[in-house]
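Me: I'd like to learn how to read a helix and a salt bridge in a model. Can you walk me through it?

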Amino acid sequence: MAIRPVFTAQFEGAVLVETLNIEFEWFAGLHVTQKQKSIRSLHEAFHLQYQYPHTQVLEVSSKSEIELGVQLSAFNLMLDSQRGQKISVESIFQASKVFSQGGPYTDLMYMSSRDAKKDERLKNSGHLVAFEYQHTRWALQPKTAFYDWIYLNALNLNDDLKQHVLKFDTFTDIEFNPKKSINCQAYALALFVALSKRKLLVNGVIPPQNEFICLIEKFNI
């Protein structure tokens, strides 16, 4: 058995995203078929425990059985760089890390998601102290603000993906373990849906740093 979070967008009330920790049968093994068995098990356990009417759940990872979920993985979701290259949310995130002994390593931005995440400098530069992207410094608090902001901006610029996402209200990421990681693409998607459905995005635009932080801090998320 395992426990993983399920993130549900809230369209009213004091929180934007409800995080539900669901216990389910885990299928060990690295093969994609094992991961997909675990995904189905997680979704079934969620529906049994929380019989929300009309809830649409989407797994967001490279292991998703739905192509939309694969496309929305931070490894695959892209932004256009100033050089005209497409760069992934994951590569931007890794390239923006500032450590006590180095960084940001902006060259990571132009690597593949996998290579950027595995770069040795990220492990050998001391502890994480901040993020820096487009000449703007982000503190480590609120915890997921920088990651969420990057992800939401990338998604918001892709009209096709954005419209499909808004058909869902609940998201999972079978690869995300809150005991090992902080940022989660499934949470970011639930946040996007909540902000969109509540009409909190002025003219449908993701606000800049300070406004974004003020917006999410209004809610107990």
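Predicted model: local features only at pLDDT ≥ 70, side-chain atom pairs only at ≥ 80, totals over all residues.

Me: Which residues of helix H8 are buried?

Reply: Start with the general idea: an α-helix has 3.6 residues a turn, so residues three or four places apart point the same way. Now the case here: in H8 (residues 209–217), the buried ones are Gln209, Phe212, Ile213, Leu215 and Ile216. They sit on the same side of H8, because they cover an arc of only 160° around the axis. Over on the other side, Asn210, Glu211 and Glu217 are exposed.

Me: What do the buried residues of H8 pack against?

Reply: They pack against strand E8 (136–138), helix H5 (145–156) and helix H7 (185–197). Take leucine 191: among the residues it touches are Phe212 and Ile216. Leu191 is also one of the residues that touch the most other members of the largest nonpolar core, which has 57 residues. H7 gives the largest share of that core, 10 residues.

Me: And salt bridges? Which residues does glutamate 175 link up with in a network?

Reply: For a salt bridge, look for a side-chain nitrogen of Lys or Arg within 4 Å of a carboxyl oxygen of Asp or Glu. Here Glu175 is in a network with Lys35 and Lys63. The closest N and O atoms are 3.4 Å apart for lysine 35, and 2.9 Å apart for lysine 63.

Me: Are those residues buried or exposed?

Reply: Lysine 35 is buried at 10% relative accessible area, lysine 63 is buried at 18%, and glutamate 175 is partly exposed at 38%.

Conventions
Residues numbered from 1 in each chain as written. Heavy atoms only, no water. Buried < 20%, exposed > 50% of the residue type's maximum accessible area, 1.4 Å probe, protein only. Helix = DSSP H or I, 4+ residues; strand = E, 2+ residues; numbered from the N terminus. Arc of directions from axis to C-beta. Contact = heavy atoms within 4.5 Å. Core = buried A, V, L, I, M, F, W, Y, C linked by side-chain atoms within 4.5 Å.
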